[in-house]
Amino acid sequence: MRQFALSALLVMALAGCASTAPYGNFATEPPAGLEERIATDTVKQLVTLYPPARTRFHLGQPTPDAYGSALVEALRAKGYALVEFKPGTAPQAGSPEAAAATAPGLNLHYLLDTAASPNLYRITVMVGQQSLSRAYLAQNDRVAPAGAWVRKE
């Protein structure tokens, strides 16, 4: 009985962590060019799954960090329509901003963080209800994927 209670508590704790995950760039002291390289690679993967010029993304978070800025720039360069996040502002009814905010599209969030090793970084991009994740290894001023993209539907 005690093992069952401990297992149930662990499952609830993990479920709680998964549902309240923050978004943004939490990479600690990334090497120069890491975020831009990962953003370029992220957009290459998004292009294979979501066709540009037919997909509109609603950014669900501000993008002031290097990864977010590079991601927005690369998505626009590939032809994606983007509705950027503007906190605390409600668009006026009938304005172009109100029309853009209510247009159909997919919500887009990202989480860039450092994994177990200080040289191992992970990007997770949430598109609607799906997520894409990939790990990267940064060594000797080089960044390389540490595995394949993982897609959770």
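Trainee: What is the mean pLDDT of the protein chain?

Mentor: This is a predicted model; local features need pLDDT of at least 70, side-chain atom pairs count only at pLDDT 80 or more, and totals for chains, interfaces and linings use all residues. Residues are numbered from 1 along each chain as its sequence is written, and side-chain values use heavy atoms, with hydrogens and water left out. The mean pLDDT (the predictor's confidence in each residue, from 0 to 100) is 78 for the protein chain. Of its residues, 73% reach 70 or more.

Trainee: Where is confidence lowest, and where highest?

Mentor: Lowest in helix α1, residues 2–19, at a mean of 37. Highest in α2, at 94. Helices (H or I, at least four residues) and strands (E, at least two) are DSSP runs, numbered from the N terminus. Over residues 1–20 the pLDDT is below 50, and beyond near neighbours in sequence the stretch has 0 contacts (heavy atoms within 4.5 Å) in the model. Where pLDDT is low, the predicted coordinates should not be read in detail.

Trainee: OK, the core. Which residues touch the most other members?

Mentor: F57, Y67, L71, L75, L108 and I123, in a largest nonpolar core of 27 residues. Such a core is a set of buried Ala, Val, Leu, Ile, Met, Phe, Trp, Tyr and Cys residues joined through side-chain atoms within 4.5 Å. Elements supplying at least two residues each include α2, β2 and α3.

Trainee: F57: buried or exposed?

Mentor: Buried, at 0% relative accessible area. The cut-offs: buried is under 20%, exposed over 50%, partly exposed in between (1.4 Å probe, protein chains only).

Trainee: Which rings does F57 cluster with?

Mentor: Y50 and Y80, through ring pairs. Rings of Phe, Tyr and Trp (its six-membered ring) pair if their centres lie within 6.5 Å; planes under 30 degrees apart count as stacked, over 60 as edge-to-face, the rest as tilted. Y50 and F57 are edge-to-face, because their planes sit at 75°, with centres 6.1 Å apart. F57 and Y80 are tilted: 5.1 Å centre to centre, 35° between planes. F57 lies in strand β2 and Y80 in the loop between α3 and β3, so that pair ties together parts 23 residues apart in sequence.

Trainee: New topic. Where does P52 lie?

Mentor: In the loop between α2 and β2. P52 is partly exposed, at 24% relative accessible area. Leaving aside neighbours within four places in sequence, P52 contacts V47, K78, G79 and Y80.
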